[in-house]
Amino acid sequence: MLKRLLDYNDGEELDLVVIIKNSNLRRTKKDKLYLALQFEDASGEIRGNYWDADDRDAELFASGTIVELNGKREEYQGRPQIKIYSLRVVGPEEGYDLNQFVKSAPESILDMREEINKYVFEILNPIWNRIVRSLLKKWDKRFFDYPAGKSNHHAVKGGLAFHTLSMLRDAKGLADNYPQVNRSLLYAGCILHDMGKVLELSGSVGTQYTSEGNLVGHLVLIDEQIMLAAQKLNLDLESEDLLLLRHMVLSHHGKFEYGSPKLPQLLEAELLHRIDDLDAAVYAITNALQHTKPGTFTQPLLSQDGKRYYRPKKDEALDNAKKLE
């Protein structure tokens, strides 16, 4: 079986075809240019620095470019990286498909679509149900293909749908335990809260922020989509039901400093924010632990305020968990 990017151990040399997920031209303290690269294949991603770079190199080795990478895996400041010996752009005539280098969610699109639709049937409020159905149909292809982020949680092909489904499963448990929760509103919020990312992000390969993403952002973009759907469906634009749904998506980041234009002011909105934050944290920590040797700590996780997490020497639950790829 051919080795993939994350199958190599420290000190091993490698020569394989990968995709450049992210590429940034930076300067050292001595004012020399270099490329900070993030390489990826179906096994995951790892960083590497291309030294003595220039503007031409930045254009040649841009995000989304397939390259032949020759180098050695090593560890630097507790984090794995590739010491690059050489890079070569792989041309289209060599027969590689971009999608074969992109890490994917651990569940199939077919299974995720089927399960999410079961939750849609439990949205009993007709306004919320019709809007959810309309937007799922409108953005189906992107929704089940796109990542949930450029580089943080669920930044994989199909990650947006997987994140949504994970949240719905958590929401079901909370609604089962707390009868005062409006299940329909919480489910609708889970499904729609990040759907604006189909406009905020460029796609699952070489993911970048679009102009709409940089200038408007996914919270406002999905609010706009909700209103457009309501107009198309001839719904009452002044109804409280529509107002509540809009509040769910506009407040789901929870805090102003996290980019939320409003703070949660509904029980369901508070739960949506906490479920979103919980699922993102579980994913990020689990993903890091799955690439950490038993008996050692993960690298510092920026998404968790730089904390490191220990992987026990015997961890059957993690060993049996689906790989987040």
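Author: This is a predicted model. Let us begin with Asn 125, which touches Ser 184 and Asp 241, leaving aside residues up to four places away in sequence.

Reader: Which side chain makes a polar contact with the side chain of Asn 125?

Author: The partner is Asp 241, whose side chain lies 3.1 Å from that of Asn 125 in this polar contact.

Reader: Is Asn 125 buried or exposed, and where is its place?

Author: A residue counts as buried when its relative accessible area is under 20%. Asn 125 has 15% and is therefore buried. Its place is in the loop between α2 and α3.

Reader: How are helices α2 and α3 oriented to each other, and why?

Author: An angle over 145 degrees counts as roughly antiparallel. Helix α2 (residues 109–121) and helix α3 (residues 126–138) pack at about 160 degrees, their axes being 10 Å apart; the two are therefore roughly antiparallel. Ile 116, Asn 117, Val 120 and Phe 121 of α2 meet Asn 129, Val 132, Arg 133 and Leu 136 of α3. By class, this contact has 5 nonpolar, 2 polar and 1 charged residues.

Reader: Which residues of helix α10 are buried, and against which helices do they pack?

Author: In α10 (residues 240–250), the buried residues are Leu 242, Leu 245, His 247, Met 248, Val 249 and Leu 250. They pack against α3, α6 (183–192), α9 (218–232) and α11 (267–290).

Terms used. Residues are numbered from 1 along each chain as its sequence is written. This is a predicted model: local features need pLDDT of at least 70, side-chain atom pairs count only at pLDDT 80 or more; totals for chains, interfaces and linings use all residues. Side-chain values use heavy atoms; hydrogens and water are left out. Axes are lines fitted to C-alpha atoms, for helices over the stretch in contact, and angles run from 0 to 180 degrees between N-to-C directions. Helices (H or I, at least four residues) and strands (E, at least two) are DSSP runs, numbered from the N terminus. Angles under 35 degrees count as roughly parallel, over 145 as roughly antiparallel, 65 to 115 as roughly perpendicular and the rest as oblique. Contact means heavy atoms within 4.5 Å. Ala, Val, Leu, Ile, Met, Phe, Trp, Tyr, Cys and Pro count as nonpolar, Asp, Glu, Lys and Arg as charged, and the others, Gly among them, as polar. Buried means under 20% relative accessible area, exposed over 50%, partly exposed in between (1.4 Å probe, protein chains only). A polar contact is a pair of N or O atoms within 3.5 Å; within protein, one must be able to donate a hydrogen and the other to accept it, and residues adjacent in sequence count only if both atoms are side-chain atoms.
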